[in-house]
Amino acid sequence: MAPASLELQVSELSVEALFCRTWGHAWDPTGGIDEKNYKRKPALYVEVDCGRCGLEATEIRSAADYKLVRRRYGTYPEDYLLRGVGRLTVETKAVIAGEAISELRNMNKAKARQAAKVAEAEVAAVEERAS
Ligand SMILES: [Zn+2]
């Protein structure tokens with residue numbers, strides 16, 4: 001079966017996946033640091049995970065100057081991957097960014113509605129005390 005269209009697949013990505021793909025992962029160290037060689041040079045293996053989508057990775061850094069040599073990714077969350085898309089082009093990234101911005105706007109609208117509700121309740125409480 002052919003993979004679903006890009007637009008359909010993008011619409012099914014989690015908000016976390018859309019945000020990480022658009023603005024980058026929110027890497028945090030989990031505390032794990034291992035010292036061992038990478039390609040015969042002393043290296044630090046630093047465990048990190050993304051505070052947003054949950055992806056885990058190992059950063060391999062030079063023990064001499066801490067430069068990032070490479071990053072090994074763990075298993076991607078199920079709703080993160082696009083099937084049959086291959087390496088992401090500027091156009092594909094723009095489709096993902098468009099969906100991410102649409103989600104962001106929905107979140108902003110929901111926040112504004114919530115803030116309006118809180119303000120209404122406060123006004124009602126003040127009126128109640130005044131009467
Ligand atoms: Zn992430």
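In which kind of crossing, left-handed or right-handed, does α2 pass α3? In this predicted model, the crossing of α2 with α3 is left-handed. By class, the contact between α2 and α3 holds six nonpolar, one polar and three charged residues.

The two helices pack at an angle of about 125°, and their axes are 9 Å apart. Helices α2 and α3 are therefore oblique to each other. On the α2 side, the residues that meet α3 are Val15, Leu18, Phe19, Arg21 and Thr22. On the α3 side, the partners are Ile96, Ala97, Glu99, Ala100 and Glu103.

Helix α3 covers residues 90-130, which makes 41 residues. At 1.5 Å a residue, α3 should span 60 Å, and its end C-alpha atoms lie 59 Å apart, which agrees. Three of the 41 residues of α3 are buried, so α3 lies largely in the open. The buried residues are Ile96, Glu99 and Ala100. Their cover includes α1 (6-11) and α2 (15-23).

Leaving aside residues up to four places away in sequence, Ile33 touches Leu44 and Val46. Ile33 and Leu44 are 11 residues apart along the chain, and their C-alpha atoms are separated by 6.5 Å.

The distances given above are listed here.

| Items | Distance |
|---|---|
| Axes of α2 and α3 | 9 Å |
| End C-alpha atoms of α3 | 59 Å |
| C-alpha atoms of Ile33 and Leu44 | 6.5 Å |

Conventions
Residues numbered from 1 in each chain as written. Predicted model: local features only at pLDDT ≥ 70, side-chain atom pairs only at ≥ 80, totals over all residues. Helix = DSSP H or I, 4+ residues; strand = E, 2+ residues; numbered from the N terminus. Expected span 1.5 Å × (residues − 1). Buried ≥ 20, exposed ≤ 12 C-beta atoms within 10 Å, placed from the backbone. Contact = placed C-beta atoms within 7 Å. Axes fitted to C-alpha atoms, helices over the stretch in contact; angles between N-to-C directions. Parallel < 35°, antiparallel > 145°, perpendicular 65-115°, else oblique. Left-handed = near helix turned anticlockwise from the far one by under 90°. Nonpolar A, V, L, I, M, F, W, Y, C, P; charged D, E, K, R; others polar.
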